[in-house]
Amino acid sequence: MNQVGKIEFRKINRISPSQFYSMKNCAYKSLLAEAFGKRPLLPVSPNAYFGTVLHKMLELISKGAVRNEDDFNRMFDEQVKTVEENLQKQECYFFIPLQKNVKDFGMKKILLKRHLRALSEHQPKNSSAKYNSEKWFESKDKLIAGKIDLVIEAADEVEIIDFKTGAITQELLDDAGETFSEVKEEYKEQLKLYAYLYFEETGSFPTSLSLVDLAKQKFAVSFSQAECKSIFDEAKRLLQTTNESISKGVFAANPTKANCKYCLYRPACGFFLKQLETDYSFNDVTGSVIDVVNYKSGTVSVFLENCNRRITITSFPSEVYDELNGRRGEQISIYNLRKEATEFVYSFTKTTKMFEHAG
Ligand code: SF4
């Protein structure tokens with residue numbers, strides 16, 4: 001059984017453009033991440049780990065470090081190996097090998113290779129253009145900073161490019177109820193913040209902002225200098241108010257489905273725990289242990305009571321029986337379950353984690 005322990009909040013010294021949108025949606029998540037030294041309390045999905053491999057490869061390709069298919073295959077295998085070694089250290093054996101646990105592993109690798117074939121397209125038409133990949137940019141006060149994937153500087157044009165390994169657009173509804181697709185707001189804001197950081201460092205704004213996905217589709221993000229400045233000011237205000245909440249000892253959070261579903265600090269969030277008492281839309285449960293049954297089949301079921309409601313969780317491995325049986329009457333929370341077709345019935349998955357509540 002895992003424990004959260006006492007949370008020691010720490011001041012956040014700076015935020016990155018990629019972090020800004022998440023912080024805007026729930027600043028408490030950023031505070032928890034800082035308090036836990038950015039070490040998540042729940043396993044990250046294997047797709048996210050694979051995303052880091054894809055992103056690293058895009059960076060190496062754009063730098064020109066991957067020249068041919070042999071380079072590509074060797075470096076790709078090296079990156080996968082590094083991630084798998086890290087997973088081993090974190091005892092996330094169930095994600096290894098990544099190839100078997102990631103959705104569309106082969107397809108994404110093929111898409112990535114196409115970036116390599118298109119390397120010549122990326123090369124500057126104007127030979128004086130400079131390609132800078134993964135370059136660090138920061139504001140003068142160092143409060144906002146981050147690495148930009150690719151900056152292409154030609155004589156009279158500067159383009160900032162950010163690579164994304166997932167979907168760049170989302171479907172929205174217009175006033176007439178028709179669907180249309182648009183670049184996600186978080187990516188637009190991230191790029192505008194990069195544009196402002198570029199301005200802070202160089203004294204001029206880029207001329208274009210672009211997002212490029214694995215399928216090599218390029219999406220332009222329109223912007224104005226005033227917009228970039230306004231998002232930059234907003235980010236600084238957010239950082240300041242978030243840090244003030246530590247000194248005041250008054251915290252606020254935003255426990256919605258969209259925010260919490262992928263938050264890896266849920267076990268430490270009192271706001272989320274409170275939400276779980278009445279909201280059964282998550283794959284997590286909380287309650288007091290009322291019964292534990294060890295079946296002959298070798299699986300264990302645990303029954304929790306939460307606000308007079310009985311919750312059943314099946315398919316635990318038998319090794320957890322003694323641990324759970326010794327917790328009768330105690331409040332626990334269980335995360336990353338599978339929701340079964342029957343209401344209030346869940347089952348164990350390989351990423352399930354149990355946490356006891358602070359006494
Ligand atoms: S669990 Fe939800 S409310 Fe709590 S910190 Fe995470 S995102 Fe915010």
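Predicted model: local features only at pLDDT ≥ 70, side-chain atom pairs only at ≥ 80, totals over all residues.
1. Ligand site. The ligand sits in the largest cavity. Its surroundings comprise 13 residues, and the closest are Cys 26, Asn 259, Cys 260, Cys 263 and Cys 269. By class, the shell around the ligand divides into 9 nonpolar, 2 polar and 2 charged residues.

2. Elements around the ligand. Two or more residues of the shell come from each of helix 2 (27–35) and helix 10 (257–260). Helix 2 gives the most, with 3 residues.

3. Helix 8 and helix 9. Packed helix pairs are described by the angle between the axes and the distance between them. Here the axes of helix 8 (residues 185–202) and helix 9 (residues 225–248) come within 8 Å and cross at roughly 95°. Angles of 65 to 115 degrees count as roughly perpendicular, and helix 8 and helix 9 are therefore roughly perpendicular to each other.

4. Residues of that contact. On the side of helix 8 the contact is made by Glu 189, Lys 192, Leu 193, Ala 195, Tyr 196, Leu 197 and Glu 200. Helix 9 contributes Glu 227, Cys 228, Lys 229, Ile 231, Phe 232 and Ala 235. By class, the contact of helix 8 with helix 9 has 8 nonpolar and 5 charged residues, with no polar ones.

5. Backbone details. Most peptide bonds are trans, and most residues other than glycine have a negative phi. Ile 96 and Pro 97 are joined by a cis peptide bond, with omega about -5°. Pro 97 lies in the loop between helix 4 (69–89) and helix 5 (98–101). Lys 142, a residue other than glycine, has a positive phi, near 65°. Lys 142 is in the loop between strand 1 (130–138) and strand 2 (145–153).

Terms used
Residues numbered from 1 in each chain as written. Heavy atoms only, no water. Axes fitted to C-alpha atoms, helices over the stretch in contact; angles between N-to-C directions. Helix = DSSP H or I, 4+ residues; strand = E, 2+ residues; numbered from the N terminus. Parallel < 35°, antiparallel > 145°, perpendicular 65-115°, else oblique. Contact = heavy atoms within 4.5 Å. Nonpolar A, V, L, I, M, F, W, Y, C, P; charged D, E, K, R; others polar. Near = heavy atom within 4 Å. 1 Å grid on protein atoms, 1.4 Å probe; cavity = no way out; pocket = protein on both sides within 12 Å on 5 of 7 lines; lining within 4 Å. Sits in = over half its atoms within 2 Å of the grid points.
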